Amino acid sequence: MDVGEDPSSFLLSTYKTGKWSDVTIMNKEKEYRVHKHILSNAIPYFDKMFSSGLSESTCEVIKLDHPSYVFDLIIEWAYCSKISITKENAVDLFHLADYMNIPKLTALCLDYLWNESSDSPFIDVNHWINQIATEEILKSIDQYIRSNFRDIGNTDSFLDYDFDTVAYMINLDNLDIDNEMQVLDVIMRWIRKNVERRSQLPKLLKTVHWIDINGAQFMNKIDKLTWIMDCDPARHVIMAAVELSYFKSLKTIQINDVHFGPRNKSARFHYAVYRNNDSSIEVHHFDKKYESINLSENLSLPAAKFGDSHITEHCMDSDVVIRIDWKNKTYRLFKDSDRYCYCLLFGRLFQFNRENGKILFFKGERLIQFNRSFVNQLNSQLTYKTLTKHEGEFLLSTITTSRKRNERSIILPHYEDYEGYKSQLTVEKIFSGFVASHEFVTKKPIKMLKSTTFHDLLVIFVNCKLILTYDFNRKTFKKYKTSEMDHMCCLYFHLSGKELWIFYNDELGSGYRHTLIQVFRVKDGELILVPGPHNPNCNIVTNSKMIGFISLEAQP
């Protein structure tokens, strides 16, 4: 049997008594009798100080000027005492730990601030940029903004951001947006919060990449903003914006500091995901430029801590999320089921309970309730639900189906009693409630429901024969039939940008035999099928083992 005392208790006792101390630190007015050897081993800042050969290395009293309550914690940390990171001390403790080059403590502080300091699913970018971010951390914040730009711009918190933060966000390249008009929408939303902000409009308009904007859409937007006519300082910039959006160059209007080129967008890496067996998958690059990667299942794979870029999460298909640890080559699948479906918002994993209507999200190791419960339409056996994100919250699409009676059967007995299925589609937002509803009829029962958002459209896949879209601007539904897909199951892959790719996998015979790929763009609020043979993914091998697609911002 091994026995022994906890060495941390001896170290802490040595610090408390000051016995055999060989240096004194005066931080502000407080005296610390400490030991060079212990501080040097625990804190690189002091190791460098004591071995530098400068005056501090031989001085018996060292004077410092740090916040006392966090300096106490740093010294206790050095003597192996457990310290408590709280909402009140986390920021200052991080900055002092960073200043003293203590990587482990800085990582703990950052992860606390990222995952534990609040119950909100999103990060207060304004606070992180102004109060926390160092040059290195700013890289992570930039990536968070890029990945969640439109959702952040539609939160209530965003309306209270200062001008410098808003301008910083908009100036970033590689924003995950469908089009540049979405940047303009975010600007206008922030400006409308306060009349005094109108003076900042010219500066913010100059950050927009007008060459990426359709002139007619811009003029239609301006016509609805009557207050902008009274904003004289912005008149010159608006005229330049009109010329750039229509003619893609400036000749008539002369102005400085306007973006003349498109917003930079880095190429993404796209992978198809195949199941090897019940506990492993394989990911293949679309163009086969890189080797395939084998991943083993880890049912307890935790979410990434702050800065863990090797752990990523992806919406692999509607209502399905996969978490991948690229360094250890493991994965965890959060799969759509009769009870749960999953989605990502603000970089967090959300879980929707189809039975009780609750939405919860994972923040670190915590599971937090996000919303009121959706309690209507939960008891019908013929009710189907799908969840997708839109502008900072969720859209729940619900279809309730019943048999449609054949009216002729009442008069003519030889007719069948039923001639199809009558369905009611209801779309609602978590916080603002009802959005729209639509009735439609199908010949066969509904067995599959998926959804995504694309530009200003909600796109709903009903079985594989029907696509419904809802235009958020016009508040109208449109129906697209794909009758040739009668015997197919559907997977979709949404590429942010100009195109929506839909993959239909043939289910006839033994396994999937081939893939049909449809590519859509949006024009005037409608899905437009890009004519064949437009097939950007001709190298994808599709078979019964394929389970979805993921997109990465960097090669794993």
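Student: Is Q351 buried or exposed in this model?

Tutor: The model is predicted. A residue counts as buried when its relative accessible area is under 20%. Q351 has a relative accessible area of 10%, so Q351 is buried.

Student: Where is Q351 found, and with which residues is Q351 in contact?

Tutor: Q351 is found in strand β11, residues 348–353. Setting aside neighbours within four places in sequence, the residues in contact with Q351 are Y340, C341, Y342, K358, I359, L360 and F362. With Y342 there is also a polar contact between the side chains, at 3.3 Å.

Student: Where does D319 lie, and is D319 buried or exposed?

Tutor: D319 lies in a loop, between β7 (311–317) and β8 (320–325). Its relative accessible area is 3%, so D319 is buried. The side chain of D319 has a polar contact of 3.4 Å with the side chain of S318, and reaches the backbone nitrogen of L387 at 3.1 Å.

Student: What should I look for in a nonpolar core?

Tutor: In soluble globular proteins, nonpolar side chains tend to be buried together. Here the largest nonpolar core has 105 residues, and L39, F46, W128, L201 and W210 touch the most other members. Helix α11, residues 181–192, gives the largest share of this core, 8 residues. As for F46, its contacts beyond four places in sequence are I25, L39, S40, L64, F71 and M100.

Student: Which residues of helix α6 are buried?

Tutor: An α-helix has 3.6 residues a turn, so residues three or four places apart point the same way. In α6, residues 90–99, the buried residues are A90, V91, L93, F94, L96 and A97. They pack against α5 (68–78), α7 (103–115), α8 (125–132) and α9 (135–152). After α6 comes N101, with a positive phi near 60°.

How values were computed: Residues numbered from 1 in each chain as written. Predicted model: local features only at pLDDT ≥ 70, side-chain atom pairs only at ≥ 80, totals over all residues. Heavy atoms only, no water. Helix = DSSP H or I, 4+ residues; strand = E, 2+ residues; numbered from the N terminus. Buried < 20%, exposed > 50% of the residue type's maximum accessible area, 1.4 Å probe, protein only. Polar contact = N/O pair within 3.5 Å; in protein donor to acceptor, adjacent residues only side chain to side chain. Contact = heavy atoms within 4.5 Å. Core = buried A, V, L, I, M, F, W, Y, C linked by side-chain atoms within 4.5 Å.
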